[in-house]
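Student: Please pick one part of this model and look at it closely with me. Then follow the links that lead away from it.

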Amino acid sequence: MKLTGEEQAMLAGESGPGVQKAMEIISALGRIYGAEDLVPVTSVQVAGVSYKNLGEAGLGFLTEWAAQGGRVRVPTTLNPAGLDLERWQTLGFDAGFAQKQRRVLQAFAAMGIPATCSCTPYLVGNVPALGDHVAWAESSAVSLANSVLGARTNREGGPSALAAAITGRTARYGLHVSPNRQAQLVVEVGCPVRSMADFGALGIMAGQVAQARVPYFRGLHLSSPPSLIDPAGAASLDRLKALGAAMAASGAVALYHVEGITPESGQADIIAPDAETVVLESLAPGYASLDADDGDQIDLVWVGCPHASLGELEQVVCLLNGRRAGVALWVTMARHLREEAAGSGLLHAFEALGGQVVADTCLVVAPTEALGFRRLATPAGKGAYYTPGHSGLAVRYGSLERCIEAAVTGRWPASDEER
Ligand code: F3S
C-alpha cells in the first residue's frame with residue numbers, strides 16, 4: 001500500500017505515539033482489505049461513547065490514547081452517550097454511572113472532540129457533500145451519509161473512526177471505491193410504504209434479505225425529495241433515516257439506492273448485471289418481527305431512533321393535540337436541536353403535555369434496564385429491533401399515531417390499520 005511521506009512519518013512516530021498508534025490502525029486495515037492507498041477524510045463520526053458499552057477497558061483505552069497525544073485533525077462528532085448529560089438525575093440515572101460517563105467524555109475532549117453525542121450528526125452541522133470521503137461509525141448515520149448525501153464511508157468501528165480523525169485519513173477500500181457502490185440486490189416494493197413505522201418495517205425486512213449487500217429500491221415514493229435545507233423535504237429525510245437505520249440493524253447494510261430519489265440511483269451502471277431481485281408485497285412480516293404482541297400495558301413511549309428531527313418532535317406535539325401523556329413519553333434528540341426547540345417554544349409545548357426531550361443518549365445505549373420500565377412502544381424500527389436485547393424491555397411496534405395514543409392512555413390501542 002502506498003503511503004505519502006507525511007503518512008510514513010506518522011507511522012514512524014514522528015508526530016508522537018498517539019498519531020503513530022492511529023496510523024498503525026489505518027495502515028493495518030488498508031493492508032487487510034487490499035487498499036492501494038489512503039484517502040483524506042473531511043469529517044469523522046465516532047461511535048462507542050456510552051460507558052455502558054465501553055466499560056473500564058474502553059475508558060482506559062481512550063484515556064491512554066489521549067495521554068499519548070492523540071488529537072483530531074478533522075471535524076469530529078460523537079455518537080450518543082449513556083445518559084442525558086444535564087438532566088440525568090431527574091431522569092433517574094445512577095450517579096456512579098454518570099461519573100464514569102463524564103470521564104469518557106473528558107478523554108474525548110482531550111482529543112479535541114466536543115460532546116455532540118448524537119447519531120444524527122447531519123442534523124447538527126456535520127454534513128458531508130456528495131462524493132466526500134468521510135469515516136463514520138454509527139451505522140444509521142453511515143447509511144444516511146452514503147445513501148442520501150452521496151458521501152463515501154465504510155462502517156467504521158470506534159477505534160478505526162478515531163484513528164481516521166487523528167490521522168485525517170482512511171484506507172481507500174470498500175465503499176470508498178466506486179464499483180463497490182453498485183447494487184447487488186433489487187428490491188421491488190409492491191405495497192404502500194408511507195409512515196415512519198412503515199419505513200422501519202420495510203428496512204428490517206430488506207436488511208434481512210440484503211445481508212450487507214447494497215440494495216436498490218424500486219416502487220418507493222416520497223412526497224418530496226429528501227432535504228436537510230428545504231423544510232418540504234424534511235419528512236422524506238426522516239423516512240429514509242428510519243429505513244437506513246433499520247436495514248443497518250437487521251442486515252449491516254451501509255449503502256442503499258432508491259430509484260429517482262437518492263443521488264447515485266440514476267447512474268448508468270448502478271445495478272450490477274448479476275443483481276438478484278426480490279419482491280416485497282407486504283410489510284406485515286416486518287411489523288410482526290418487531291412487535292412482541294405480548295401485552296397492552298405501556299409505561300414508556302420512545303420516539304427518536306435515530307435521534308429525532310425538530311419536525312418529528314413537532315409531529316408528536318400535534319398528535320398529542322392538547323392531551324397530556326399519562327406515561328413516560330421520551331423523544332431522544334441531539335442537544336443542539338433540543339436547544340433550538342427551547343428557543344422556538346416547541347420544547348415548552350411538549351413538556352407542558354408531560355413529554356421529555358432527552359438529549360445526548362438513547363434507550364439502546366443508556367442503562368435503561370435500571371430505570372424500572374417494563375414495556376415500551378415505539379415507531380422506530382431500529383429501536384424496536386435492539387431494545388429487547390440491549391435493555392430487556394418488551395416492545396410494541398406501530399405507527400406514531402398508535403404510539404402517541406399509548407402515551408396518553410398507557411395502553412397499546414387495538415388497531416391494525418398500518419398492517
Ligand atoms: Fe441512534 Fe440509539 Fe437508535 S444511537 S440510531 S437512537 S439505537
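Tutor: Leu319 is partly exposed, with a relative accessible area of 24%. (Helices are DSSP runs of H or I with at least four residues, strands are runs of E with at least two, and both are numbered from the N terminus.)

Two notes first. The model is predicted, so local features need pLDDT of at least 70 and side-chain atom pairs pLDDT 80 or more, while totals for chains, interfaces and linings use all residues. Residues count from 1 along each chain as its sequence is written, and side-chain values use heavy atoms, without hydrogens or water.

Start with a distance. Leu319 and Gly174 lie 145 residues apart in sequence, and their C-alpha atoms are 42 Å apart in space.

Now look at the loop between α11 and β11, where Asn321 is found. Asn321 is exposed, at 63% relative accessibility. Its backbone deserves a look too. Phi of Asn321 is positive, about 50°, yet Asn321 is not a glycine. Most residues other than glycine have a negative phi, and most peptide bonds are trans. Ala212 also goes against this: its phi is near 75°. Ala212 sits in the loop between α8 (196-210) and β7 (215-218).

Go to the loop between β10 (300-303) and α11 (310-320). Pro306 lies in this loop. The peptide bond from Cys305 to Pro306 is cis, with omega near -10°.

Cys305 and Pro306 lead us to the ligand. Both are among the residues around the ligand, together with Pro80, Cys119, Glu138, Ser140, Trp302, Gly304, Cys362, Val364 and Lys382. (A residue is near a molecule if one of its heavy atoms lies within 4 Å of it.) What kinds of residue make up this shell? The shell divides into 7 nonpolar, 2 polar and 2 charged residues. (Ala, Val, Leu, Ile, Met, Phe, Trp, Tyr, Cys and Pro count as nonpolar, Asp, Glu, Lys and Arg as charged, and the others, Gly among them, as polar.)

Take Cys119 from the shell. Cys119 is buried, with a relative accessible area of 8%. Lys382 in the shell takes us to helix α14 (residues 381-391), where the buried residues are Gly381, Lys382, Gly383, Ala384, Thr387 and Ser391. Just past α14, Gly392 has a positive phi of about 75°.

Several cysteines have come up. How many disulfides are there? The count is 0. Cys403 is buried, at 0% relative accessibility.

Next come the aromatic rings. The whole structure has 7 aromatic pairs. One of them joins Tyr287 and Tyr397, and this pair is tilted, with 5.4 Å from centre to centre and 50° between the planes. (Rings of Phe, Tyr and Trp, with its six-membered ring, pair if their centres lie within 6.5 Å; planes under 30 degrees apart are stacked, over 60 edge-to-face and the rest tilted.) Tyr287 is in helix α10 (residues 284-290) and Tyr397 in strand β14 (residues 394-397), so the pair ties together parts that are 110 residues apart in sequence. Is Tyr287 buried or exposed? Tyr287 is buried, at 0% relative accessibility. Tyr397 is buried as well, with a relative accessible area of 0%.

A further pair brings us back to β11. Trp330 and Phe373 form an edge-to-face pair, 5.8 Å centre to centre, with 85° between the planes. Trp330 lies in strand β11 (residues 328-333) and Phe373 in the loop between β12 (355-359) and β13 (375-378), so the pair ties together parts that are 43 residues apart in sequence. Trp330 is buried, with a relative accessible area of 3%.

Conventions:
Disulfide = S-S within 2.5 Å. Buried < 20%, exposed > 50% of the residue type's maximum accessible area, 1.4 Å probe, protein only. Near = heavy atom within 4 Å.
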